[in-house]
Amino acid sequence: MSRKQLRGATAIVGVAESDLGDVGPDRYPIDLAAQASVRALAEAGLTTRDVDAVYAIAGGFMPNLSFGEYMGIRPRISGGTNIGGSSFLSHVYHAAMALEAGQCEVALIAYGSTPRADRQRKDPPPSLPEYPAYQAPYRPRDPVTGYALATARHMHQYGTTREQLADVAIAARDWARLNPVAFSHDKPALTHEDVLASPMVSSPLTVRDCCLVTDGGGALVMTRADRARDLAAKPAYLLGAGEAHWHRQISQMPDLTVTAATESSARAYAMAGLGAGDIDVVQLYDAFTINTVMFLEDLGFCAKGEGGAFVGGGRIAPGGTLPVNTNGGGLSYCHPGMYGIFTAIEAVRQLRGEADARQVADAEIALCHGNGGQFSSQVTAILGVEAAL
């Protein structure tokens, strides 16, 4: 199957979140994944009986099997690949290939996680060690230690400042204040002083440089383009996708200031026949403020080392020239442990014109980017409206 064949051949036809925030100790990851899935299927005018491909991560061992059983789905295609927060955009890419090859008709991609609720349970799930743990003797506070290391290197090498990182957090909060389901919707706007004065977590990253810890789930429904046009919701077509990973542990990262997003985005742009200058709205995996800075560089929106200056002056905030993370992102909207699925949910809503107060005018092409591990796995997807085909 060539890139040309896959461009525009499939579409996302249903998106939904579960309840978000703090759902309480009586609900579990699989419950949230199921809730989001039912909502997404209903939006598309479909039911679980239409689904014959499942890609799910919702807690526990062999989550796809548990999720299929829970939902009463007996899929022909089952994909539970977990490469961290980029998994769900990888699932979009893989589901598109399966759909175009005729191996399935309707693919359901689902996620659920409850880190806040887990803290409230009498018997919380055990923490699993990560192997190979080359950094274990140094007792890192993962994942923040690894991202702080990359941040410090970027600051040293390119002169990036903490004030510039604060611009990312400020923009995310401003977007979240326009999103009624964002965790920080009702919180005050941030200032540079707020970010810089917040408690240090792992130097140079403060609390406000770090993502939220929330409960939440999300779901995407995909089918082929010819069927998508007849369903209930406006389709968002997959124009391009690419994935790459270079390392697992951050101690093995070839260059602390450059990620495999340089490769994943190049592949996505090539498939779509587009470049960074064609993108109307950007949804990035912003687990930390440095993510947004480095990904904007690696995705081609500015040169390497210029990301700090690029995010200044409100450029990525509401009213700016490049709308980034219009739902509030992982910094201010939600972050249940792996954020990637929410980049696609928000991108689809922007392309449909359904984002209400945070809607970007005339949005026709959206870029979603997922990140897993500590700048480890990278997946880029480009979505567009029918006019972009």
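Search the whole structure for cavities and you come back with one of 30 Å³ or more. A cavity here is a set of points on a 1 Å grid over the protein atoms alone where a 1.4 Å probe fits but cannot get out. The largest cavity holds about 50 Å³ of space, a volume being the space filled by probe spheres set on the points, which are joined across faces, edges and corners. Bear in mind that this is a predicted model, where local features need pLDDT of at least 70, side-chain atom pairs count only at pLDDT 80 or more, and totals for chains, interfaces and linings use all residues. Residues are numbered from 1 along each chain as its sequence is written, and side-chain values use heavy atoms, with hydrogens and water left out.

So what lines the largest cavity? The lining is made up of Val168, Ala171, Ala172, Trp175, Asp286, Thr292, Ile316, Val324, Asn325 and Leu331, where a lining residue has an atom within 4 Å of a point. By type, that gives seven nonpolar, two polar and one charged; Ala, Val, Leu, Ile, Met, Phe, Trp, Tyr, Cys and Pro count as nonpolar, Asp, Glu, Lys and Arg as charged, and the others, Gly among them, as polar. Helix H7 gives the most to this lining, with four residues.

Now follow H7 itself. The axes of H7 (residues 162-176) and H11 (residues 289-298) come within 8 Å and cross at roughly 100 degrees, so the two helices are roughly perpendicular to each other (that label covers 65 to 115 degrees). Axes are lines fitted to C-alpha atoms over the stretch in contact, with angles running from 0 to 180 degrees between N-to-C directions, and helices are DSSP runs of H or I with at least four residues, numbered from the N terminus. On the H7 side, the contact (heavy atoms within 4.5 Å) uses Leu165, Val168 and Ala169, while H11 brings Thr289, Ile290, Thr292 and Val293. Five of these residues are nonpolar, two polar and none charged.

Elsewhere, take a look at Gly337, in the loop between helix H13 (329-332) and helix H14 (340-352). Gly337 counts as partly exposed because its relative accessibility is 46%, the class between buried (under 20%) and exposed (over 50%), with a 1.4 Å probe and protein chains only. Leaving aside neighbours within four places in sequence, Gly337 touches Tyr111 and Tyr285. Gly337 and Ser113 are 224 residues apart in sequence, yet their C-alpha atoms are 6.8 Å apart.

Notes. Parallel < 35°, antiparallel > 145°, perpendicular 65-115°, else oblique. 1 Å grid on protein atoms, 1.4 Å probe; cavity = no way out; pocket = protein on both sides within 12 Å on 5 of 7 lines; lining within 4 Å.
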